[in-house]
Amino acid sequence: MTARILLIEDDARLAAILQKLLTREGYAVDHVARGDEGLAQSQCQPYDVILTDLKLPGLDGLSLISQLHAAKPRLPIIMMTAHGTTETAIEATKLGAFEYLLKPCEPEELLDLIASAVAHSQRMTIPVELGEAREARFALVGNSRAMQEVYKQIGRVAATPVTVLIRGATGTGKELVARALYQHSDRADKPFIAVNCAAIPETLLESELFGHERGAFTGAQTRRIGRFEQAHGGTIFLDEIGDLSPGTQAKLLRVLQERCIQRLGGDETIHVNVRVLAATHQDLEKAIAEREFREDLFYRLSVVTLRLPALRDRAEDIPDLVRFFMQRHATDLAIRDPSIQPEAIAWLQRQPWPGNVRQLENVLRQAMLLARPFAVGLDHVQQVLARNAQALDIRHLTIAGYITELLDRAQRGEVEDAFHRLIADIEPELYSQAIRLAQGNQAKAARWLGVTRLKMHDKLTEFGLLPQRNPPPPGTA
Ligand SMILES: Nc1ncnc2c1ncn2[C@@H]1O[C@H](COP(=O)(O)OP(=O)(O)OP(=O)(O)O)[C@@H](O)[C@H]1O
Ligand SMILES: [Mg+2]
């Protein structure tokens with residue numbers, strides 16, 4: 001699944017450099033030098049991202065963007081622009097550009113932006129199949145009654161414009177359901193913009209959602225168009241909604257009530273036509289009782305509530321899920337005919353799965369690595385799950401609480417190498433959160449952690465965290 005990029009740039013030297021950079025990173029790149037050619041070319045091939053200059057012969061960047069966006073509202077466009085033309089660049093984001101870049105740009109910055117635009121594009125275009133789907137890369141797998149009920153609900157509400165709140169424990173497939181709802185909606189040809197409310201610092205979230213005017217706060221040197229405005233006509237997915245601060249909750253409530261936004265520091269009221277999907281793993285009723293979540297917002301969000309079952313309540317789906325994930329991971333683990341012994345499946349069906357489908361997927365991947373090139377057996381899955389269970393559940397402990405627990409265990413003789421245990425327990429969480437925050441961008445996550453890309457890739461493989469996207473470019477694996 002190589003991502004395709006259309007590069008529209010009239011400076012031949014710059015175009016050659018960009019083309020080389022992107023090709024080396026594993027993208028397929030087509031290049032044209034004129035705006036009108038770019039528009040024509042975009043109709044000939046399904047592209048994942050368009051990277052375009054602002055000043056172009058034939059058709060200037062802004063008209064190009066508005067015509068492209070009208071023809072292909074789901075295609076992310078990144079605009080490159082010279083300093084001093086920022087106002088135009090902002091104009092471009094209003095016309096439908098996904099992001100803009102100031103020239104001269106750093107290669108890393110460009111690659112980060114391209115990677116996130118590709119992920120954004122694929123969220124919209126790679127279908128999420130429902131039910132039985134052997135060939136699909138993304139599917140909601142499982143024919144249990146609970147899942148049948150989920151498919152029915154998706155069918156009932158997808159095409160209506162109602163707000164849907166997707167609830168379920170961690171790893172139950174909430175994001176997948178959001179994508180399926182979007183893809184089956186009558187807005188499927190319009191943008192789908194996902195915002196992870198927990199991954200963005202509180203101070204930046206409001207500006208991310210609603211945009212800001214120049215000078216709205218220190219550091220706001222230019223105007224910014226928020227995600228709500230960008231999603232106009234389409235769908236916005238607010239993930240981890242339980243993590244919103246009270247201030248942002250109040251603003252969001254207003255958007256839902258009045259269907260309009262105000263950029264931070266601005267007084268213009270901007271009408272937005274956006275369908276809202278939201279998800280959380282948190283106990284919102286409890287949060288409401290504790291006055292941490294607004295009840296009125298809760299009612300606005302949960303016009304329809306879709307609840308995803310825990311994996312342990314649908315153990316009959318496990319054989320299908322196992323086959324699906326083994327297929328999905330076989331390719332990049334270079335396993336030709338992946339197989340698993342029936343007693344291993346039976347044992348997996350009896351486990352409690354606190355991390356739900358995501359945990360099952362990770363366990364399988366690690367077991368496949370362990371068993372490679374042979375069939376996955378009972379001892380493999382038991383070994384992997386035992387290794388994972390020994391780790392303290394650090395997600396729900398403070399660091400001090402974790403250390404107390406670890407030292408308790410050491411005193412009882414249950415842990416002999418507390419120092420190494422600490423690293424082993426924390427490392428997977430560190431990598432997992434970093435890659436998630438970086439939206440799958442390994443280069444970015446590696447930079448944050450101060451490790452090489454090679455190490456990043458090895459660790460992600462070790463912890464079963466490699467996302468299902470393009471294989472890493474040669475030289476990193
Ligand atoms: N029913 C399912 N069939 C197939 N794959 C699934 C299913 N549910 C989840 N997955 C897979 O499990 C992983 C986690 O799913 P997803 O990210 O949608 O969970 P989530 O509920 O959003 O979790 P979290 O609360 O931790 O964000 C993904 O790789 C997804 O593709
Ligand atoms: Mg999620």
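Trainee: How much area do domain 2 and domain 3 bury between them?
Mentor: About 1400 Å², with 48% of it on carbon and sulfur atoms. Buried area here is the accessible area (1.4 Å probe) that two parts lose on being put together, summed over both. Keep in mind that this is a predicted model: local features need pLDDT of at least 70, side-chain atom pairs count only at pLDDT 80 or more, and totals for chains, interfaces and linings use all residues. Side-chain values use heavy atoms, leaving out hydrogens and water.

Trainee: And where are the bounds of those domains?
Mentor: Domain 2 is 128–307 and domain 3 is 312–462; the bounds come from an automatic or database domain assignment.

Trainee: How many residues are in contact there?
Mentor: 20 from domain 2 with 15 from domain 3, contact being heavy atoms within 4.5 Å.

Trainee: How many salt bridges cross that interface?
Mentor: The rule finds 1, where a salt bridge is a side-chain nitrogen of Lys or Arg within 4 Å of a carboxyl oxygen of Asp or Glu.

Trainee: New topic: which residues of H6 are buried?
Mentor: Among them are Met-147, Val-150 and Tyr-151. Buried means under 20% relative accessible area, exposed over 50%, partly exposed in between (1.4 Å probe, protein chains only). H6 is a helix, meaning a DSSP run (H or I, at least four residues).

Trainee: What's exposed on the face turned away from that buried side?
Mentor: Arg-145, Gly-155 and Arg-156.

How values were computed:
Residues are numbered from 1 along each chain as its sequence is written. Chains are lettered from A and ligands numbered from 1 in the order in which they are written. Helices (H or I, at least four residues) and strands (E, at least two) are DSSP runs, numbered from the N terminus.
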